[in-house]
Amino acid sequence: MYVKAMKKLAAILSILSLVFISSVMTDTVVSAKEKDGTFTVICQDGETAIGGMEWNIYRVGKRRKNTNYYNLDGNFKNYKVAVNHSNSDNAGKTASTLENYAILDKIKPDDTGDTDKKGTLKFKGLKEGLYIAAGNKVRIGNITYKPAVVLFEINHDIEGGNTGKDIVSYVKISTMVHDDDSETEELEFTVKNIWDDGDNEKRPDKVKVEIYRDGELYFEIELSDENNWTHKWDGSPDDDWRVKVENIPDDYTVIYDNKDTDFAVVNKFNPNDPNNPYFPPPTTETIVTTVYTDTSSQTEITSNSDVPNVSQTDETVTSVTVATTTAVTTVSDTQTSTEKTTVTTTKKETFTNTGGKLPQTGQLWWPVFVLGGVGVVVLSYGIRVTADRKRDDDE
């Protein structure tokens, strides 16, 4: 009877442990889903809803911690593009440049879909990060609709503009009306390479530019001072024309600024620009700034080992801040004949989670181990008692 009771108790405890663990895992999944963002694109030209327009989503980068700057990552990591999300004009140029690379280098989108009859399409399950949404032009009747590329950020802590957890974007649409009674006439296209570098000595003598038609390489040309960094060609406006510089010079970034039949390739020299993700700023560290009063003679501090012991000073004030270098500043007070020296030293801290809560759940860890352990112990005891009882019966 006793053995049966122990078995029953062990089974109950084991079931309770499994139920608790299952609920924890469910909460984790739900919480993870809550962390996902959405992006809704709405395509309308006046009162006309544009259905059947294909859209592709690409995750291109992420925000640098505690800054308004971004780093490209994943398939876009090695592109020398300065991400600028400060206003709609800069964001549009950045988005078009990244879309240009995605199309020409045939990068696989993270998600794709078509707008419905209301011109609406919603993408779900987007992780935090910087994205572009690129739509393909579509012809309805005698009108071709071409959408602008959208640069947006899924962010759970910041809201505003095209940044937030759930974003809705009314896309800018350009149109071209076709005359069905005649063939489309060819137009003159122009590509011009522009240097934004103050005649920097690192500027190359020439650059090679690739011209693409409908995503395939059409021809290559070299631009230099001899042709005023410009080339013209004739082509059909029905085709999708794009340009790409083969090799961006070192310490330069590029923006493709396309307007109708004019293609501008802007090469900017900015190796130390904090807004340039290809050249990240120095890594910042948490430091402790100690301000102390030292009435002794001034001593030149040449290393951390030379920093005086704070406990030997008359007054100590400590604050935590962020810096990238070690600095020593001395200010003399002629009225009191004392010297105040500010010493900045780097302090690295490691934080270890010793207990706490389950990630993304708010549940505690310890009941899992307690209930699981009790269940195992009781079950083992019941099995042992059963074995002993059977051995005694055999004897």
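Two strands count as paired here if DSSP finds at least two bridges between them. Keep that in mind as you move around this predicted model.

Now zoom in on β10 (residues 143–147), which runs antiparallel to β14 and is joined to it by 5 bridges. To pick out one of the partners in β14, show K146 and then S174, its bridge partner.

**Stop two: aromatic rings.** Across the whole structure there are 17 aromatic pairs. Begin with Y79 and Y101, a stacked pair at 4.1 Å centre to centre with 15 degrees between the planes. Y79 lies in the loop between β5 (70–72) and α2 (88–104), while Y101 is in helix α2, 22 residues apart. Both Y79 and Y101 are buried.

Next, select W195 and W229. Their planes stand at 80 degrees, with ring centres 5.4 Å apart, so this pair is edge-to-face. It links distant parts of the chain: W195 belongs to strand β15 (residues 187–196), and W229 to the loop between β17 (216–224) and β18 (230–235), 34 residues apart. W195 counts as buried because its relative accessibility is 12%; W229, at 6%, counts as buried too.

**Last stop.** Show F189, Y218, F219, W233, W241 and F263 together: they form one aromatic cluster.

Conventions:
Residues numbered from 1 in each chain as written. Predicted model: local features only at pLDDT ≥ 70, side-chain atom pairs only at ≥ 80, totals over all residues. Heavy atoms only, no water. Helix = DSSP H or I, 4+ residues; strand = E, 2+ residues; numbered from the N terminus. Phe/Tyr/Trp six-rings, centres within 6.5 Å; stacked < 30°, edge-to-face > 60°. Buried < 20%, exposed > 50% of the residue type's maximum accessible area, 1.4 Å probe, protein only.
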